[in-house]
Each structure stands twice: as C-alpha cells, then as structure tokens.
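Please keep the sequence and the three-dimensional view at hand while reading.

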Amino acid sequence: MRRFLIWSGLAVVIGLVLAVSGYLAYDHFYARFQPVTIARNQGEIQRLLDEASWVSPGGGDQPLYIIGYRGSASTHAYEAEEAEKLRAGGADVRVLMFARSDREGATQSTPAERATIAELWLNRDWNLYRRWTDTPGAGWKAEGIAPADGNLARTAVVDASRQFVARLDTLMRDAGVKPTWPLVIWRDREGFLKACACADRRSWAFIRDDLDAPDTIAVEAAPVGPTAPVTPVPETQGLPYPDLPATPPATTPTAPQPSQAAPAPTGQASGSSAQRPTSRLETNRPRPPRAQTRPTTPPPPEPEDTQFY
C-alpha cells in the first residue's frame, strides 16, 4: 500500500510538470503571437483611428491600420512584405506614422523626419510616403518640404502624432495588448476589433488567416509584344577552293663550265662576268665566306753545294 501511494504521488507530480511545461510551450511558441480581441475601449480606439491622418493608396473595403515610426525595421519589413497580400484579401491598408518623443533629453527623431511627418499628417500624400520609405534613412533630406522646427503650426502637428500614440498606448495596455511596432489594428468578419503587436514575423500569418489573404502573391509576367517572324537562315556551304596558278618547278643552278667562265685576275672583274645578269636564285643564295689569303713568303734559297777539297 505504501509503495502504491508513493508511485501515485510521483505520477501526479510528473503529470503536473508535463501539463505546466505544455502550457508554457504553447504560450511561448503559439499563443503569444495570436492577435488579441479588444473587449474594452473599442469606441475610443476607433475614434482615435478615424481622427488620425493616415495615408493609403486605396484598395479594399476592410480598413487595416499599420502604426509605426520610420526608424522601425520591423514596421518597414511588415509594410513591404505583407501590404500587397492584405490588399489582395480585400483590405484597405492605412499607414499611420508618428515621430517619437524625446527620451531623457535625447532626440529620437531627425528634423527631416519631423518635417515629413508634419507634411503627411497635413496633406496625406501617399506618393510622398512611398518616396520616403524607399529612400534610406540617412539619405532622406526632406527636400522641398517645409521644416517643422521653428514653425508653430507644423510643430503642433508633430506633437499631435505623439499624443495620438501616447493615448493609444494607454488604451491598448488597458485592453491587454502591449504595443510593439508595428501595431496592426483591424476588424474581423464578425466586426470585432483586433490588434496585433507584430514585431515578430511569427504573428503575421494570423492576420492573413483572419482576413483570408493569400500567403504569396503571384508575380505577373510583363506583357510580351508581337514578335517579328523568324526567317530561316539558309544553310551555308563552304566556299569553293580558289584556282591557283601552277607552281613552276624549281630550277637547280648548274655549275659554270671551265670553258665558259675564265678566272679573272685578282682585284679585277672580267668583262663577261660584269655584263652577265645575275639570276634570282644566285642573288638569294647565301654566298660562302671568302677565305682570307695570307701573303706567302718565298721559301729560303737552297744553299749551294760546296765541296771541300
């Protein structure tokens, strides 16, 4: 009996450990990436979204708000990779950009960013937003845009974007959502307001599933114009071998006969050899080196025979 109780208690402990581990794994790998259905402050949140100055190229009839700031890499990646998929699912993607407030005396936005935020909130120019996001942050100079610094009206617009985010952050935390950027807000098929702190890519698929948006967008091929008919190229044959004149047989030079050429005296040229034309073969044939002649000394006279008597 005692052994049975021990094993029973051990099984209960193991079961509790497995249950807690499974719940924590489910929450860590799946549940925390799911969107949150907002049950509190829905009216005030919707009013804030309606009064804010968002930009959109148009599209479907289901509003979806993407809220973030220019320096957020996850906001830029989400808008670049998911916006077209959401539009294909019938969503009207509306982008809300804000300028971050200063923190502990440190400025978290640039003058060009503040000027662009003021221009977007005043005129809601989608083309300006596309130029801004397509340009690297350091390369954007806000050329042709009135600066917000030193302008009371435009500075008030920049402050309005910060107040909007501060109030939205309070309402979201009260509804159980800790805002991280981008913050995506939309209504599902039943009309319930939902929010997703979509800094992690693993949460993006839940929004597509909720809106029946495709996971991929087929890239349409560029239209191909009519092509000219291809004329067949005739087979080329080898060129005929050219007719060359017959090569004359090589003539071998004959040695001169002794009766025809007499040796000329040293230092003089005979008249016949001077007048005889030189053939091409004789001209081209290398001449043997001329032997150098040394002056010969006459042999000493033989001594006369002397007789001694």
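## A buried charged pair

Lys194 and Asp210 are both buried. The structure is a predicted model, and in it these two residues form a salt bridge whose closest N and O atoms are 3.1 Å apart.

Strand S5 is part of an open sheet of five strands, arranged in the order S1-S5-S4-S2-S3 with mixed pairing. In general, the strands of a sheet pair through backbone hydrogen bonds, in either a parallel or an antiparallel sense.

Strand S4 (residues 183-187) pairs with strand S5 (residues 193-197) in the antiparallel sense, over five bridges. Within this pairing, Trp186 stands opposite Lys194 in S5, and Lys194 is the residue that also forms the salt bridge with Asp210. Helix H3 (residues 73-88) lies across strand S2 (62-68), S3 and S4, and runs at about 160 degrees to S3.

## Further salt bridges

How many salt bridges does a search of the whole structure find? The search finds 20. Side chains of opposite charge can pair when their charged atoms come close.

Arg130 pairs with Glu79, and their closest N and O atoms are 3.2 Å apart. Because Arg130 lies in helix H5 (residues 126-134) and Glu79 in helix H3, the pair ties together parts that are 51 residues apart in sequence.

Another salt bridge lies within a helix. Glu44 pairs with Arg47, the closest N and O atoms being 3.9 Å apart. These residues are three residues apart in helix H2 (residues 42-51), and therefore about one helical turn separates them. Glu44 is partly exposed at 25% relative accessibility, and Arg47 is partly exposed with a relative accessible area of 40%.

## The disulfide

A search of the whole structure finds one disulfide. It joins Cys196 to Cys198, with an S to S distance of 2.3 Å. Both cysteines, Cys196 and Cys198, are buried. A disulfide is a covalent bond between the sulfur atoms of two cysteines.

Why is the disulfide described as right-handed? The torsion about the S-S bond of Cys196 and Cys198 is about 125 degrees, and the disulfide is therefore right-handed.

## Two packed helices

Helix H4 (residues 111-123) packs against helix H6 (residues 152-174) at an angle of about 85 degrees, and their axes are 9 Å apart. H4 and H6 are therefore roughly perpendicular to each other.

Which residues meet where these helices pack? On the H4 side they are Arg114, Ala115, Ile117, Ala118, Glu119, Trp121 and Leu122. On the H6 side they are Arg154, Val157, Val158, Ala160, Ser161, Arg162 and Phe164.

Methods
Residues are numbered from 1 along each chain as its sequence is written. This is a predicted model: local features need pLDDT of at least 70, side-chain atom pairs count only at pLDDT 80 or more; totals for chains, interfaces and linings use all residues. Side-chain values use heavy atoms; hydrogens and water are left out. Two strands pair if DSSP finds at least two bridges between them. Helices (H or I, at least four residues) and strands (E, at least two) are DSSP runs, numbered from the N terminus. Contact means heavy atoms within 4.5 Å. Axes are lines fitted to C-alpha atoms, for helices over the stretch in contact, and angles run from 0 to 180 degrees between N-to-C directions. A salt bridge is a side-chain nitrogen of Lys or Arg within 4 Å of a carboxyl oxygen of Asp or Glu. Buried means under 20% relative accessible area, exposed over 50%, partly exposed in between (1.4 Å probe, protein chains only). A disulfide is a pair of cysteine sulfur atoms within 2.5 Å. Angles under 35 degrees count as roughly parallel, over 145 as roughly antiparallel, 65 to 115 as roughly perpendicular and the rest as oblique.
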